[in-house]
Amino acid sequence: GIISSASAKNKAQLLKDFIAHNPDVSRKLDGALPFPAGGKGLSASLIPVRPLNRTYGNRFVLVGDTAGLADPLTYEGIGYALESGSLAAETIVSAFKQNDLSENTLSSYQNSWLKNIYADNIKYAQKLAGIMYGHELSNKLGNVLVELAMEDSEIRHALGQILNRKE
């Protein structure tokens, strides 16, 4: 992804410029055609706050923030991009060995990230984001929660468990 204050149109130009001025990237993408997304060859949008319902199809899987794998509290996504990329690679290697890149075979990728990324991480961050950002009182609740945690070791421990995504 590209993080910038530029508009979506300017981000697309930034990406084109980056490709044009980086020989390794240009070589790897030589002859590649943009994959139309919503009728556009290149597009930019906000970082997602929840995973997509479906991150696979015939001959493709989606990883990282393209799949909606970003932390809903911090909007960090590099860690999930690397982990989902690794899970995608395992799935794709297995699919190649079976000579089957169908959506049925590639659906195992979604099961992998649901188990390894969502269940252990994003699920809990979504719950906490709902508390922190979900309504008018969220700032007050956040402040009270921090104050209580500073005063009470049990609350501090419980908050630590939530932030570390442990039940």
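The chain's secondary structure comes to six helices and two strands, where helices (H or I, at least four residues) and strands (E, at least two) are DSSP runs, numbered from the N terminus. Along the sequence these elements follow the pattern α-α-β-β-α-α-α-α. This is a predicted model, in which local features need pLDDT of at least 70 and side-chain atom pairs count only at pLDDT 80 or more, while totals for chains, interfaces and linings use all residues. Residues are numbered from 1 along each chain as its sequence is written, and side-chain values use heavy atoms, with hydrogens and water left out.

Of the 167 residues in the chain, 23% count as buried (under 20% relative accessible area, with exposed meaning over 50% and partly exposed in between; 1.4 Å probe, protein chains only). As for contacts (heavy atoms within 4.5 Å), 56% of those between residues at least 6 apart in sequence join residues at least 24 apart.

Helix α4 isn't straight. Its 31 residues (103-133) put the end C-alpha atoms only 36 Å apart, short of the 45 Å that a straight helix would reach at 1.5 Å a residue; the expected span is 1.5 Å times one less than the number of residues. A kink of about 65° is centred on Y118 in α4, the bend at a residue being the angle between axes fitted to the seven residues ending there and the seven starting there.

Helix α3 (residues 78-97) packs with α4 at an angle of about 155°, the axes lying 9 Å apart. Axes here are lines fitted to C-alpha atoms, for helices over the stretch in contact, and angles run from 0 to 180 degrees between N-to-C directions. That makes α3 roughly antiparallel to α4 (over 145 degrees; under 35 counts as roughly parallel, 65 to 115 as roughly perpendicular and the rest as oblique). The crossing of α3 and α4 is right-handed, meaning that the near helix is turned clockwise from the far one by less than a right angle. On the α3 side, the residues that meet α4 include Y80, L87 and T91; among their counterparts in α4 are W113, I117 and N121.

N121, in helix α4, is buried, with a relative accessible area of 18%. N121 also sits 9.9 Å from I162, C-alpha to C-alpha, although the two are 41 residues apart in sequence.

Helix α5 (residues 138-151) meets α4 too: the two axes come within 6 Å and cross at roughly 115°, so α4 and α5 are roughly perpendicular to each other. I131, M132 and Y133 of α4 make this contact with S138, L141 and G142 of α5.
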